[in-house]
Amino acid sequence: MAATFFGEVVKVRSRAVTEDEEDEEDPWAPDNPEDREVRRELERKREVEVLQTQTNLSLEIPLLEQYPCSKFIMAVGNNAVAFLSSFVLNSETWEEIGSTKLWNEWCRTTDTTNLSPTDAFCVFYRLKSDPTVFLCQCSCYVAEDQQYQWLEKVFGSSPKRNLQITILTSRHVTDYKTPESSCNLPSPFLKALKTQSFQDAACCTLLEQPNIVHDLPAAVLSYCQVWKIPAILYLCYTDIMKLDLVTIEAFKPILGSKSLKGLVKGFSLFLAHLKAIDTINRGTIRISM
Amino acid sequence: MFVPCGTSEPDFTGFTLLMPAVSVGNVGQLAIDLIISTLNMCKVGYFYTDCLVPMVGNNPYATAEENSTELSINAEVYSLPSMNLMALQLRSIFIKYKSKLFCEKLISWMKSSKCARVIVLSSSHSYHCDDQQLRSIPFRYLLTPEMEKSVGETLQKLHWKEMEKSKSFPEIRDSGLCIRIPGGGITKVLYTESCSKGIQMAVVLKFVSEGDNIPDAFDLVRYLNDWLQIIKPQECSDPTTSVSQWKMPSSWRLLFGSGLPPALF
């Protein structure tokens, strides 16, 4: 507790440590078997599973050890997922091979039949003409304690050879630190972060310090940096976090990259998809002029 | 686990490992940033762990366009072989219930790396200070028994103050004494585990309040420098000039957010 200048006594909070952490370390804290059991139950509930679509059974080995992979393209968040759905993914050229099942306080993944853009899901697709090319559409929130599990179940713990990874995601523009006010920023705009081993040019400028990235994209990029896998993260800063056509189209420069070369579908197909998204969000979507 | 940047594992035999505890005001981490930045230490590896919240960003110690695009993650190891010095920087908080596991992994690595000694930079809530502590300097140290043998006398000559013990149960008159480091994160666990495992460890901490803790970080590194002589202390006694000896990293820009909208005024 601490006293303020106004005579109030308030609880002191720290951005670095919480009281819970101090309780964990207290050797005098009672080791309650019931607490331990509750914790174990919660861990079991929060376990991340990767299911094989064909069998609907949990994979026993990591996904990319089950299936060889040379290119892994991943979208995290509604707008990035909608971008890949609009410009790349279609049922003629891609087959669904697996999905992630997970639960946390913010989401529960939906079954993969009849998915709508507003459902929470994490699905893996494979290119029929080249089965080493994978696409991952992840619109569910993967919590901090589940991110490494997700990595283990998808990539495994051993370093991969001949693999390149591309990640697309979006963040709110107020997360972007700049000497000017974020109100003056021309959002949406694209920034990139790449690992040491990624040799190709990025489709936009790199993310400047002191900006950082968190969550699943950060977990994947960290894994790639440590294990020397060429990987690039494209981050779209936007002022609208829900499905938004202008944000989706902000990812378009990536269509010219080596990662998506040869994967972009016909113009008419993606127009139709964009119209579908517009229908779902009619009245709330902004259209670029 | 430690994963080297290059193909070969660096040799840390006999090195001094400096590391922060993620503690109130992030003072230990800010202090390690100052040390790495000032000494221009070279990144030699990653401490890859599932115990810390993932984060990535470009090189926080960039000095030019050429070195600004190296990716950094949440736990990295830097080294300065000319001074037998290495630093572990931690850049994010612990995932819930994983701090103890992290300590076990860290201590295991300390032993396997064969580093000679470990110095943990930390901080503790200043509001917990008693009257005596409020009247004294805000720095304290702790030494494991093994470390006491080698540097105990040196620190006494510097008139450093050892962290006071407090009552285990303040309400009970006859309760025993124990070390308490409120707001110190894993500092106490690291210290007690190192005591029992025979590791040479010193904890150097400052009593702080949460806020703009950059001055606290400067104070802590200067205090540490009185002992370790990492950089030659300036002869001039003016504290404002001695601050400039320590180089702030480029990542410390905009620590409290972006610029303000002009419309606010």
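Colleague: Where in residues 283-289 of chain A does pLDDT stay, under 50 or over it, and how many contacts beyond four places in sequence does the model have for them?

Modeller: This is a predicted model. Over residues 283-289 of chain A the pLDDT stays under 50, and the model has 18 contacts beyond four places in sequence for this stretch.

Colleague: What is the mean pLDDT of chain A?

Modeller: Chain A has a mean of 83, with 80% of its residues at 70 or more. Residues 22-28 of chain A have a pLDDT below 50, and there the model has 15 contacts beyond near neighbours in sequence. For chain B the average is 90, and 92% of the residues score at least 70. The scores of the model are ipTM 0.91 and pTM 0.89.

Colleague: What makes β4 and β10 of chain A edge strands?

Modeller: The order of the open sheet is β4-β3-β6-β7-β8-β5-β9-β12-β10 in chain A, nine strands with mixed pairing. Strands β4 (57-58) and β10 (189-194) of chain A each have a single partner strand, so one side of each has no neighbour in the sheet.

Colleague: How do you know that β3 and β6 of chain A are paired?

Modeller: Two strands count as paired if there are at least two bridges between them. Strand β3 (residues 49-52) and strand β6 (residues 94-101) of chain A have four bridges, in the antiparallel sense. The cut-off asks for at least two, so the two strands are called paired. A:Val50 has A:Thr100 of β6(A) opposite to it.

Colleague: Which helix packs on the sheet and touches β3 and β6 of chain A?

Modeller: Helix α5 (residues 144-154) of chain A does; β5, β7 (122-127) and β8 of chain A are also touched by it. The direction of helix α5 of chain A is at about 25° to that of β7(A). Helix α4 (residues 78-87) of chain A lies across β5 (71-76), β8 (133-138) and β9 (164-172) of chain A, at about 130° to β5(A).

Colleague: How do you know that β11(A) and β4(B) belong to one sheet?

Modeller: Two bridges join β11(A) to β4(B), and the strands run antiparallel. The rule asks for at least two bridges, so this pair meets it. One bridge partner pair is A:Val213 with B:Val56 in β4(B). The open sheet has three strands in the order β11(A)-β4(B)-β5(B). At its edges are β11 (212-213) of chain A and β5 (71-72) of chain B, each pairing on one side only. Helix α6 (residues 215-226) of chain A lies across these strands, at about 65° to β4(B).

Colleague: What is the area buried between chain B and chain A?

Modeller: About 4500 Å² is buried between them, and carbon and sulfur atoms give 57% of that. Chain B brings 60 residues to the contact and chain A brings 51 residues. There are 15 residue pairs in polar contact across the interface, and the count of salt bridges between the two chains is zero. On the side of chain B that touches chain A, β4(B) gives the most, with three residues.

Colleague: Why is the pair B:Asp50 and B:Lys105 called a salt bridge?

Modeller: The closest N and O atoms of B:Asp50 and B:Lys105 are 3.1 Å apart. The cut-off is within 4 Å for a Lys nitrogen and an Asp carboxyl oxygen, so the pair qualifies. B:Asp50 is in the loop between β3 and β4 of chain B and B:Lys105 in helix α2 of chain B, 55 residues apart. Over all chains the count is 21 salt bridges.

Colleague: Which peptide bond has omega near 0°?

Modeller: The bond from A:Ser187 to A:Pro188 does, and it is cis. A:Pro188 is in the loop between β9 and β10 of chain A. The bond from A:Gln209 to A:Pro210 is also cis, with omega near 5°, and A:Pro210 lies in the loop between β10 and β11 of chain A.

Colleague: What is phi of A:Asn56 near?

Modeller: Phi of A:Asn56 is near 60°, a positive value in a residue other than glycine. A:Asn56 is in the loop between β3 and β4 of chain A.

Terms used. Residues are numbered from 1 along each chain as its sequence is written. Chains are lettered from A and ligands numbered from 1 in the order in which they are written. This is a predicted model: local features need pLDDT of at least 70, side-chain atom pairs count only at pLDDT 80 or more; totals for chains, interfaces and linings use all residues. Side-chain values use heavy atoms; hydrogens and water are left out. Contact means heavy atoms within 4.5 Å. Axes are lines fitted to C-alpha atoms, for helices over the stretch in contact, and angles run from 0 to 180 degrees between N-to-C directions. pLDDT is the predictor's confidence in each residue, from 0 to 100. Buried area is the accessible area (1.4 Å probe) that two parts lose on being put together, summed over both. A salt bridge is a side-chain nitrogen of Lys or Arg within 4 Å of a carboxyl oxygen of Asp or Glu. A polar contact is a pair of N or O atoms within 3.5 Å; within protein, one must be able to donate a hydrogen and the other to accept it, and residues adjacent in sequence count only if both atoms are side-chain atoms.
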